[in-house]
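Work through these exercises with the model open. Try each task before you read its solution.

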Amino acid sequence: MLGWNADRRRPAPGADAGMKGSSTVAEATPETGNGRDDEARAENVYQLVLEGIVTGKYAQGARLRERELSEVYNVSRIPVREAIQRLEQDGFVATFPRRGAVVRQLTLTDVNELFDIRLCLETFAARMAATRVAEGKDGGRLEELMEASNAAIDDERTEDVALISAELHAEIVRLSGNRLLVESVKPLFGRMRWIFGLTHNRSNELQRDEHTELCNAILAGKPDLAYSLAYSHIELGREPVLAGLAETLEP
């Protein structure tokens, strides 16, 4: 996720290079016939187009033309077509008979549903992550991300704050140790970055406090407390986000 896979494509949080929100998460790879097959190229195009959607490069309602994308990313239309199909499956793209593929128009219902599913999945992940830490699982990566988030907020690196926040939430899911959950929520975190990129109605300092409490509960191995803090953190973010999008999104 974008966010989700950022650790494989970006410098570690806190590094001088930083997590620059304006840079792409992957670079286009030409088809040279030297081992990159269509599946790998489709994954690469998927990540590039997804990053373009969540950062606003490809606006809601914008057409995604296979020929143009294949030229931009220097690949054939086959991996582009496969990437668009995946983006449609993950809820970022819609296809129409005469218009072809377009970036989905988000609605307030979409936003509400995102928060509903987060309450189900992320609270469970927080509980399981704390349980595993209590059993001896290393939570060092989560601690690193918490520190990186705090540093980004202190330095007022707004784009980095959003990226690291998404990665922090993703790390909690990873730490749960549930592989099916990890695979299931990958599109969810891309959707989070997309929606949160459209509005910013909560202070970074407030979110930092909530993240710190949640992460400390997990790192202390307190499952019930981690569950409660995850629930309140997600629910407290719902109303400000909905209010911030009420004038720009349809119901």
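**Exercise 1. A residue in a helix**

Is A40 buried, partly exposed or exposed, and why?

Solution. Start with the ground rules. This is a predicted model, where local features need pLDDT of at least 70, side-chain atom pairs count only at pLDDT 80 or more, and totals for chains, interfaces and linings use all residues. Residues are numbered from 1 along each chain as its sequence is written, and side-chain values use heavy atoms, with hydrogens and water left out.

Next, the cut-offs: buried means under 20% relative accessible area, exposed over 50%, and partly exposed in between, with a 1.4 Å probe and protein chains only. A40 has 26% relative accessibility, so A40 counts as partly exposed. A40 belongs to helix α2. Its C-alpha atom is 8.4 Å from that of P79, 39 residues away along the chain.

**Exercise 2. The chain as a whole**

Find how many helices and strands the protein chain has.

Solution. Now take burial: of the 251 residues, 47% are buried. Last, take contacts, meaning heavy atoms within 4.5 Å. Among those between residues at least 6 apart in sequence, 73% join residues at least 24 apart.

**Exercise 3. Inside the core**

Identify the residues with the most contacts inside the largest nonpolar core.

Solution. First, the general point. In soluble globular proteins, nonpolar side chains tend to be buried together. A nonpolar core is a set of buried Ala, Val, Leu, Ile, Met, Phe, Trp, Tyr and Cys residues joined through side-chain atoms within 4.5 Å. The largest one here has 64 residues, and V49, L64, I172 and I218 have the most contacts inside it. Helix α5 (residues 108-134) gives the largest share, 10 residues.

Then take I172. Leaving out residues up to four places away in sequence, I172 touches A125, A126, A129, L142, L214 and I218.

**Exercise 4. Two helices in contact**

Describe how α2 and α9 meet.

Solution. Two packed helices are described by the angle between their axes and the distance between the axes. Axes are lines fitted to C-alpha atoms, for helices over the stretch in contact, and angles run from 0 to 180 degrees between N-to-C directions. The axes of α2 (residues 38-54) and α9 (residues 186-196) come within 8 Å and cross at roughly 35°. On the α2 side, the contact uses E51, I53 and V54; on the α9 side, G190, R193 and W194.

Sort these residues by type. Ala, Val, Leu, Ile, Met, Phe, Trp, Tyr, Cys and Pro count as nonpolar, Asp, Glu, Lys and Arg as charged, and the others, Gly among them, as polar. The contact then has three nonpolar, one polar and two charged residues.

**Exercise 5. Aromatic pairs**

Which parts of the chain does the pair of F92 and W194 tie together?

Solution. Rings of Phe, Tyr and Trp (its six-membered ring) pair if their centres lie within 6.5 Å; planes under 30 degrees apart are stacked, over 60 edge-to-face, and the rest tilted. The whole structure holds two aromatic pairs. For F92 and W194, the ring centres are 5.6 Å apart and the planes are at 40°, so this pair is tilted. F92 is in the loop between α4 (77-89) and β1 (93-96) and W194 is in helix α9, so the pair ties together parts 102 residues apart in sequence. Both F92 and W194 are buried.

The other pair is F115 with F196, also tilted, at 6.2 Å centre to centre and 55° between the planes. F115 lies in helix α5 and F196 in helix α9, so parts 81 residues apart in sequence are tied together. F115 is buried, at 1% relative accessibility, whereas F196 is partly exposed at 29%.

**Exercise 6. Charges over rings**

Which ring does the charged end of R86 sit over?

Solution. The test is that NZ of Lys or CZ of Arg is within 6 Å of the ring centre and within 35 degrees of the ring normal. The charged end of R86 sits over the ring of Y46, 3.7 Å from its centre. R191 lies over the face of F92, 5.7 Å from the ring centre.

Terms used
Helices (H or I, at least four residues) and strands (E, at least two) are DSSP runs, numbered from the N terminus.
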